[in-house]
Amino acid sequence: MDLFQNVKAVQEKIAAAARAAGRDPGEITLCAATKVQSNDTIRAAIAAGIQVCGENRVQELTAHLEANAYSGAQVHFIGHLQTNKVKQVVGRVELIHSVDSPHLLQAVARQAEKLGLVQDILLEVNIAGEESKGGVRPEALPELAELVLASNFVRLRGLMAIPPVSTVSGANRKYFSQMRNLFVDIMKKMSDNQSVMDCLSMGMSADFEDAIAEGATLVRVGTALFGPRPPMGSPC
Ligand SMILES: *Cc1c(COP(=O)(O)O)cnc(C)c1O
């Protein structure tokens with residue numbers, strides 16, 4: 001695996017997908033999904049041009065922060081976040097992608113207040129209505145967005161979704177398109193306050209080009225950069 005070449009190849013595909021959609025490639029952020037990667041691999045990815053790392057698990061985030069592995073890049077939290085772990089995340093990452101309930105939102109806001117800062121967040125939407133996944137139902141999104149606005153310690157930056165793993169090209173386009181519509185709706189509702197709705201986080205290795213065609217401003221890519229991961233739960 002040549003990480004440097006993979007980074008260049010993904011960056012080029014992002015740029016090509018953007019241009020094909022009549023968009024400026026500069027509008028799209030590549031977030032490297034670094035779960036299970038070592039400190040050295042993360043450093044190498046940053047040296048190869050990665051500017052944003054997305055971490056899934058609190059334990060890995062904490063270990064990489066302690067090792068100073070993200071130096072030179074932003075860090076985002078993209079995984080499911082448990083309320084009892086917000087202390088290890090709030091104020092340590094630029095953006096939390098996965099706020100999906102009033103309970104979690106309040107925990108994040110409380111911790112941000114304690115630290116005297118404003119935490120940027122995305123609201124995660126369960127766009128395909130999958131039982132097994134986190135994310136707020138689209139119908140409940142406006143109410144959750146209102147709660148963000150009511151707090152001085154969290155700032156809404158946009159929306160995030162993890163649709164089903166796509167096996168055929170184009171399979172997730174309808175979900176990406178629905179996300180884009182939700183994003184535009186919420187943006188209109190927010191237009192009279194100070195929130196900056198600039199992030200629509202969707203698309204992974206198998207479908208980031210489709211996501212860009214439908215309006216993604218941030219894609220989260222792991223496998224296409226780092227190669228296949230060991231199966232979940234196996235020692236690595
Ligand atoms: C692992 C992960 C990704 C990247 O998945 P790949 O298919 O390896 O590109 C993106 N988003 C989240 C939330 C992830 O956990």
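**Close-up 1. Helix α3 and its buried residues.** In helix α3, which spans residues 58-66, the buried residues are Val58, Glu60, Leu61, Thr62 and His64. Here, buried means under 20% relative accessible area, with exposed over 50% and partly exposed in between (1.4 Å probe, protein chains only). Helices (H or I, at least four residues) and strands (E, at least two) are DSSP runs, numbered from the N terminus. This is a predicted model, in which local features need pLDDT of at least 70 and side-chain atom pairs count only at pLDDT 80 or more, while totals for chains, interfaces and linings use all residues. Residues are numbered from 1 along each chain as its sequence is written, and side-chain values use heavy atoms, with hydrogens and water left out. The buried residues of α3 pack against α2 (39-47), β2 (52-55) and β3 (74-77), where contact means heavy atoms within 4.5 Å. After α3 comes Asn68, which has a positive phi, near 60°.

**Close-up 2. Glu60 and its surroundings.** Let us stay in helix α3, where Glu60 is found. Glu60 has a relative accessible area of 15%, so this residue counts as buried. Which residues is Glu60 in contact with, leaving aside its neighbours within four places in sequence? They are Thr34, Lys35, Val36, Gln37, Glu55 and Tyr70.

**Close-up 3. Helices α5 and α6 side by side.** Helix α5 (residues 141-149) packs with helix α6 (residues 173-190) at an angle of about 40°, and their axes are 11 Å apart. Axes are lines fitted to C-alpha atoms, for helices over the stretch in contact, and angles run from 0 to 180 degrees between N-to-C directions. The two helices, α5 and α6, are therefore oblique to each other; angles under 35 degrees count as roughly parallel, over 145 as roughly antiparallel, 65 to 115 as roughly perpendicular and the rest as oblique. From α5, Leu141, Pro142, Ala145 and Leu149 meet Leu182, Ile186, Lys189 and Met190 of α6. The residues of this contact of α5 with α6 comprise 7 nonpolar, no polar and 1 charged. Ala, Val, Leu, Ile, Met, Phe, Trp, Tyr, Cys and Pro count as nonpolar, Asp, Glu, Lys and Arg as charged, and the others, Gly among them, as polar.

Close-up 4. How many disulfides does a search of the whole structure find? The search finds 0 disulfides, a disulfide being a pair of cysteine sulfur atoms within 2.5 Å. Cys31 is in no disulfide, and the nearest cysteine sulfur, that of Cys53, is 7.3 Å away. Cys31 is buried, at 0% relative accessibility. Cys53 is buried too, with a relative accessible area of 0%.
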